[in-house]
Amino acid sequence: MADHPIPFSEPMIAAILDCRKTMTRRLACQVRKVRDDYEEKGSFKLVAGPSPWTKMQPGDRLWVRENFSYSWSVKDDPERRHLMPVWFWADGNPEFGDWSKPKPPIHMPRWASRLTLIVTATKIERLKDISEADAQAEGCVEDWADGFSVWYVPGAHLKRHGRTAAQCFGLLWSQLTARRW
């Protein structure tokens, strides 16, 4: 059993807290830029390799990283940070207090994490092969608009809704991964 950090976006944090998200997908292959010393200076090549997510085993713990802030009064005092409250931006903007702007999930320390997830099973499958039940477990919910069924993820601000849960997940995946490239 091992502990691993895992970042989530604010809509996915809300889905986890509402018990709508019980499953997550990560890429099994990782593409990295590597300096190409054999070519001219400043050139890079892309190298594919296994993702660290392929090493997860049932029983491993995933501590969730999310946008957060400390109280401004302790930002320069590492020994007292854990004693002060942490603001989680998935809960909305703070109504009181003097909070700094959100810090990205990559900077969240283990002690500040409020969620720990347990891995119950792992599998590798093509992203396009997601089932309707799995898309719902990813946080997609159904609603009725003008007599038609539409699928969406609350808080994700998708540009359009899906006709099925799988299509909704595809739209969500495209929106979340577009930020990284």
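**Group meeting: charges and rings in a predicted model**

Okay, let's start with a charge on a ring: R26 lies over the face of W53, 5.5 Å from the ring centre. By "over" I mean NZ of Lys or CZ of Arg within 6 Å of the ring centre and within 35 degrees of the ring normal.

Quick housekeeping. This is a predicted model, so local features need pLDDT of at least 70 and side-chain atom pairs count only at pLDDT 80 or more, while totals for chains, interfaces and linings use all residues. Residues are numbered from 1 along each chain as its sequence is written, and side-chain values use heavy atoms, with hydrogens and water left out.

The overall layout, then. We have three helices and nine strands, in the order β-α-β-β-β-β-β-β-α-β-β-α along the sequence. Those are DSSP runs numbered from the N terminus, helices being H or I with at least four residues and strands E with at least two. Out of 181 residues, 33% are buried; buried is under 20% relative accessible area, exposed is over 50%, and partly exposed is in between, using a 1.4 Å probe and protein chains only.

In helix α1, residues 10-17, the buried ones are P11, M12, I13, A15 and I16. Their cover includes β4, β7 (116-118) and α3. Just after α1, C19 has a positive phi of about 60°.

Back to rings. Phe, Tyr and Trp rings (for Trp, the six-membered one) pair if their centres lie within 6.5 Å; planes under 30 degrees apart are stacked, over 60 edge-to-face, and the rest tilted. That gives one aromatic pair. Here F169 and W173 are tilted, at 6.0 Å centre to centre with 45° between the planes. Why are they about one helical turn apart? Because they sit four residues apart in helix α3, residues 165-178. F169 is buried at 5%, and W173 is buried too, at 18%.

R25 itself is buried, at 10% relative accessibility.

R25 also makes a salt bridge with E125, 2.5 Å from N to O. For the record, a salt bridge is a side-chain nitrogen of Lys or Arg within 4 Å of a carboxyl oxygen of Asp or Glu. E125 is partly exposed, at 31%.

The structure holds eleven salt bridges. One of them joins R61 and D3, at 2.6 Å N to O. R61 is in strand β4 and D3 in strand β1 (residues 3-7), so the bridge ties together parts 58 residues apart in sequence. R61 is partly exposed at 28%, and so is D3, at 35%.

R126 and D129 form another, with the closest N and O atoms 3.8 Å apart. R126 is exposed at 56%, whereas D129 is partly exposed at 47%. Salt bridges with shared partners also join K21, R25, K123, E125, D134 and E138 into one network.

Last one: R65, in strand β4 (residues 61-65). R65 is buried without a salt bridge, and the nearest oppositely charged side chain, E66, is 11 Å away. Lys and Arg count as positive, Asp and Glu as negative, and His and the chain ends are not counted. That's me done.

Definitions and conventions
Contact = heavy atoms within 4.5 Å.
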